[in-house]
Amino acid sequence: MDFNVKKLASDAGVFFTRAVQFTEEKLGQAEKTELDPHLENLIARAEGTKNWTEKILRQTEVLLQPNPIDHTGARIEEFIYDKLDKKLPSKTTNAELLGQHMLDAANEFGPGTPYGATLITVGEYQKRLGAAERDFLHTSASTFLTPLRNFLEGDWRTISKERRLLENRRLDLDICKARLKKAKQAETKAAAAPDFQETRPRNYVLSASASAEDGRTREVGDSPSLTEQRKLLSEEVDKAEHELRVAQTEFDRQAEVTRLLLEGISSTHLNHLRCLHDFAEAQATYYAQCHRFMQDLQRELARGNDVSGSLPSSDVCPNPVSSTFLSETSTTGATVSSCPNQRPGTLPMEHTQLPVTGARKAKVLYDYDAHDGSELSLLADELITVYTVPGMDPDWLIGERGNQKGKVPVTYLELLS
């Protein structure tokens with residue numbers, strides 16, 4: 001091991017000098033060079049960007065992975081793979097696990113039973129929800145979390161390094177200013193002092209060899225004259241001024257480098273803005289997929305109840321239709337029955353007979369996204385023309401909006417007289 005004692009002693013001396021300098025600055029006993037106001041504003045802005053980026057990143061991770069120490073060790077596993085510079089394998093989401101458990105349970109209970117068949121249906125949609133969640137997590141990580149981490153671990157580290165170097169240059173500059181100030185004070189004091197050199201005590205010793213030759217004396221231990229002292233002090237001032245000029249140049253150069261890096265924060269904001277749009281779009285896509293899956297699941301469950309001809313319990317009622325059918329009876333002349341917990345003005349779907357011919361207006365109650373080319377997308381509160389055709393599923397109607405035409409679900413409509 002190469003142990004450099006001189007370097008260690010030098011670093012310790014610099015550390016001690018810096019500590020003394022910081023203490024004197026805090027106590028107001030030492031001069032402190034102030035940074036340019038524009039540079040100070042850039043530093044404050046960069047600090048705010050760094051702090052809020054850390055908070056947003058941390059909270060987004062919590063949103064996407066609420067429990068960092070779950071049974072899968074999600075966050076810990078991500079940390080290990082990141083340190084090993086390896087790609088994290090695709091993980092099964094909780095919804096996919098739930099869906100698989102439902103499918104396994106359906107196989108055990110019997111897929112032909114009502115409960116088993118429903119477990120299969122719900123399980124399949126849970127797996128679809130889980131797949132959509134996994135895609136959302138992957139998209140969010142690549143388009144939002146990764147750029148934020150890159151800023152904190154890359155750009156911000158570079159900025160911090162240059163800021164520390166700028167602070168060291170400032171301290172060096174202040175030391176040079178203090179040294180020059182002391183040198184000038186000493187020079188001024190020496191210039192004002194009277195010259196009493198002729199009255200100064202002298203130490204004379206008799207040189208034995210010189211006394212033997214010519215009896216002359218020799219002066220030993222002379223102090224430098226006041227003129228020589230002034231010359232030395234002048235040289236010290238010149239040296240301090242040179243060091244100050246060098247320190248000022250290095251400080252200005254480093255301040256410019258730091259300023260250029262800090263001005264790049266504006267570009268960082270623009271980049272994060274694009275990432276934020278991508279994240280919001282990924283969220284909207286994910287929630288829209290979940291909404292569509294759940295609508296499909298509800299329709300499939302409703303069809304299953306219609307086919308079985310029975311309801312799970314007397315407390316559950318089919319989806320209601322428009323109140324305009326309250327006064328209508330079925331084509332067979334049977335009166336319309338009602339469900340105990342159903343809202344007034346609605347009918348069970350299986351007892352509702354839609355007109356076979358003729359068109360009528362309908363108001364859309366909820367938004368609906370068409371799943372294929374045979375269906376028509378709907379917007380809430382719009383008016384469309386609907387009619388039915390022989391042999392058509394009673395849960396559906398043919399809807400028309402201008403030149404557009406397709407199947408629409410009855411449960412999304414309020415039929416107008």
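Modeller: Glu61 counts as buried because its relative accessibility is 17%, and the cut-off for buried is under 20%. Keep in mind throughout that this is a predicted model. Glu61 sits in helix 2, which covers residues 37-64. Its side chain has a partner: a polar contact of 2.7 Å joins the side chain of Glu61 to the side chain of Arg149.

Now follow helix 2 to its packing against another helix. Two packed helices are described by the angle between their axes and the distance between the axes. For helix 2 and helix 7 (residues 226-263), the axes come within 10 Å of each other and cross at roughly 45°. The two helices are therefore oblique to each other. Their crossing is left-handed. On the helix 2 side, the residues that meet helix 7 are His38, Leu39, Leu42, Ile43 and Ala46. On the helix 7 side, they are Ala255, Arg259, Leu262 and Glu263.

Helix 7 also holds Leu261. What is the state of Leu261, buried or exposed or in between? Leu261 is partly exposed, because its relative accessible area is 30%. Apart from neighbours within four places in sequence, Leu261 is in contact with Thr158, Ile159 and Glu162. Ile159 is 102 residues away from Leu261 in sequence, yet the two C-alpha atoms are 6.4 Å apart.

Helix 4 (residues 94-109) and helix 5 (residues 114-192) have axes 7 Å apart and pack at an angle of about 160°. That makes helix 4 roughly antiparallel to helix 5. This crossing, too, is described as left-handed.

Thr93 lies in the loop between helix 3 (74-83) and helix 4. Thr93 counts as buried, because its relative accessibility is 6%. Leaving aside neighbours within four places, Thr93 is in contact with Gly130, Glu133 and Arg134. The C-alpha atom of Thr93 is 7.5 Å from that of Ala131, which is 38 residues away along the chain.

Loops also occur between strands. Asp381 lies in the one between strand 3 (360-364) and strand 4 (383-387). Most residues other than glycine have a negative phi. Asp381 is not a glycine, but its phi is positive, at about 75°. Asp381 counts as exposed, because its relative accessibility is 57%.

What of the cysteines? Cys275 is buried, because its relative accessible area is 5%. Cys290 also counts as buried, because its relative accessibility is 15%. A search of the whole structure finds 0 disulfides.

Last, the setting for these details. The protein has 8 helices and 7 strands, and 29% of its 417 residues count as buried. Among its contacts with a separation of 6 or more, 68% are between residues 24 or more positions apart.

Methods:
Residues numbered from 1 in each chain as written. Predicted model: local features only at pLDDT ≥ 70, side-chain atom pairs only at ≥ 80, totals over all residues. Heavy atoms only, no water. Helix = DSSP H or I, 4+ residues; strand = E, 2+ residues; numbered from the N terminus. Buried < 20%, exposed > 50% of the residue type's maximum accessible area, 1.4 Å probe, protein only. Disulfide = S-S within 2.5 Å. Polar contact = N/O pair within 3.5 Å; in protein donor to acceptor, adjacent residues only side chain to side chain. Axes fitted to C-alpha atoms, helices over the stretch in contact; angles between N-to-C directions. Parallel < 35°, antiparallel > 145°, perpendicular 65-115°, else oblique. Left-handed = near helix turned anticlockwise from the far one by under 90°. Contact = heavy atoms within 4.5 Å.
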